Amino acid sequence: MPESTITPPTGGTITVAAGKLAVPDRPVIPFIRGDGTGADIWAASVRVFDAAVRKAYGGRRQVDWLEVFAGEESFKRFNTWLPDETVEAFKRYLVGIKGPLTTPVGGGISSLNVALRQMLDLYVCLRPVQWFSGVPSPVKHPEKVDMVIFRENTEDIYAGIEFAGGTPESQKILDFLAQNFPKQFKKIRFGTKDAAAQWLQRLEDLGAPHREATVDVGIGFKPVSYLGTIRLIQAAISYAITNKRKSVTIVHKGNIMKFTEGAFRDWGYRIAREQFGAVEIDGGPWCRIPEGRPGAGIVIKDSIADITLQQVLTRPAEFDVIATLNLNGDYLSDALAAQVGGIGIAPGGNINYISGHAIFEATHGTAPKYAGKDVVNPGSVVLSGEMMFRYLGWNEAADLIIKGLNGAIASKKVTYDFARQMEGATEIKCSGFGDNIIAHM
């Protein structure tokens, strides 16, 4: 993408030193409108952001928004899904925000969101989940859901190390396992032609169509590292201390995947003890930060992933900060969002607490059938902006956004997704909902 496609900004650059941001009064913040409904959502959201900053600081502070491109809109304009210049803008200015992006079909980048996270090493996917009074919910007590998910963002299955079944690459890995790890290779049910042929014959006996026996085994790798784990758990416990939360739950499937998810659990407890001075409760492994240390009283515990998905429904008050791996975090964050009103108002942030880089984003899809109709809920981007301002230390602006959103929902003048479920509600446009938030700041 040529340089002239980005308008040179006039504001200042956010910097970081020793993990702490230095934010000028007029920071440059790159943004991507997003595909599909992204343009509608951004138009409403940016007015909310500017109004909150203006009201909070009376003109002393403002954001210098810098538009950059990615996704379908970028491909149409510049024949590239993710221009280098966009990545460079996020690198240079540290903090940005984006709407939903289309995932390219075919080869190349499998997910633009994942690509940005990996290019900038945004190792924490931060997903706060809370209920706003009046929002329709499928559960009886959504007010008990008040959790913050720290989802590891760069490893696990989402690292994208996969090989299609029947390819030379997949066969190479199968051959390597058969030669070097025969015991483990036996666990691959149909890793040889003989095994495949036996089962094809059984299927044929049942009337299934016959085909030649081939070894079609898709292979995926699940890397979970010590360093990747400790930086995530360190961020989760530090967040719990700073925000006076009561517990950190390490969610894993370590009872089955002992050397990946089990290691994630064990390493998590190790950093709790070694860095935060946590002491074991009744012989462990649960532990608590003792009196006399920052975060005294915070409990660090663990829970198996499948049980967690049950208990966040049946006993949500027992969970506070959750630290988990990439795939578990994907499941959990969407399941919890459904309990408090849906993915349409679920915010997200992708953060590297060491370098300072962060991209806040809508967590829902592009919903192209609603594009340009000004009807969708802008809540996900609005609340992602609230997270962004809090990350910058502009808490007064963030507080006004929460106040405005609470007031807008209480007024029952809401977008269609809420209006169809709220008794006595008035349906308004996406842009109108943005105005309603501003009016209630």
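## Surface, cores and aromatic contacts of a predicted chain

The chain has an accessible surface of about 20600 Å², and carbon and sulfur atoms account for 53% of that area. Accessible areas come from the Shrake-Rupley method with a 1.4 Å probe, and for residues only the protein chains shown count as cover. This is a predicted model, in which local features need pLDDT of at least 70 and side-chain atom pairs count only at pLDDT 80 or more, while totals for chains, interfaces and linings use all residues. Residues are numbered from 1 along each chain as its sequence is written, and side-chain values use heavy atoms, with hydrogens and water left out.

**Overall dimensions**

The chain holds 15 helices and 18 strands; these are DSSP runs numbered from the N terminus, with helices (H or I) of at least four residues and strands (E) of at least two. For 441 residues, a compact globule would have a radius of gyration near 22 Å, and the 24 Å of the chain agrees with this. That radius is taken over C-alpha atoms, and the globule rule is 2.2 Å times the number of residues to the power 0.38. Along the principal axes, the C-alpha atoms fill a box of roughly 75 × 60 × 50 Å. Ala197 is placed in helix H7 (residues 193–205) and is partly exposed, at 35% relative accessibility.

Of the 441 residues, 49% are buried. Buried means under 20% relative accessible area, exposed means over 50%, and partly exposed lies in between (1.4 Å probe, protein chains only). Of the contacts between residues at least 6 apart in sequence, 71% join residues at least 24 apart, where contact means heavy atoms within 4.5 Å.

**Nonpolar cores**

A nonpolar core is a set of buried Ala, Val, Leu, Ile, Met, Phe, Trp, Tyr and Cys residues joined through side-chain atoms within 4.5 Å. The largest such core has 81 residues, and Trp65, Ile97, Phe150, Val248, Ile300, Phe360 and Phe389 touch the most other members. Helix H1 gives the most to this core, with 9 residues. Leaving out residues up to four places away in sequence, the residues touched by Ile97 include Phe31, Trp42, Phe49, Trp65, Phe90, Phe360 and Met388. Another core lies apart from the largest one; it has 18 residues, among them Ile32, Leu82, Ala89 and Ile359.

**Aromatic pairs**

A pair of aromatic rings is described by the distance of the centres and the angle of the planes. Rings of Phe, Tyr and Trp (its six-membered ring) pair if their centres lie within 6.5 Å; planes under 30 degrees apart count as stacked, over 60 as edge-to-face and the rest as tilted. By this rule there are 17 aromatic pairs. In one of them, Tyr57 and Trp394 have ring centres 5.6 Å apart and planes at 70°, so the pair is edge-to-face. Tyr57 is in helix H1 (residues 38–57) and Trp394 in the loop between helix H12 (379–392) and helix H13 (395–410), so that the pair links parts of the chain 337 residues apart. Both residues are buried: Tyr57 at 8% relative accessibility, Trp394 at 1%.

Tyr353 and Tyr391 also form an edge-to-face pair, with ring centres 6.4 Å apart and planes at 70°. Tyr353 is in the loop between strand E15 (347–351) and strand E16 (358–362), Tyr391 is in helix H12, and they are 38 residues apart. Tyr353 is partly exposed at 26% relative accessibility, whereas Tyr391 is buried at 19%.

Ring pairs also link Phe31, Trp42, Phe49, Tyr57, Trp65, Phe389 and Trp394 into a cluster.

**Charges over rings**

A charge sits over a ring if NZ of Lys or CZ of Arg is within 6 Å of the ring centre and within 35 degrees of the ring normal.

| Charged residue | Ring | Distance to ring centre |
|---|---|---|
| Arg151 | Tyr158 | 4.9 Å |
| Lys301 | Phe319 | 5.9 Å |

**Backbone details**

The peptide bond from Gly284 to Pro285 is cis, with omega near 5°. Pro285 is in the loop between strand E11 (279–280) and strand E12 (287–288). Asp374, a residue other than glycine, has a positive phi near 60° and lies in the loop between E16 and H12. Lys412 has a positive phi near 65°; Lys412 lies in the loop between H13 and strand E17 (413–414) and is partly exposed, with a relative accessible area of 34%.
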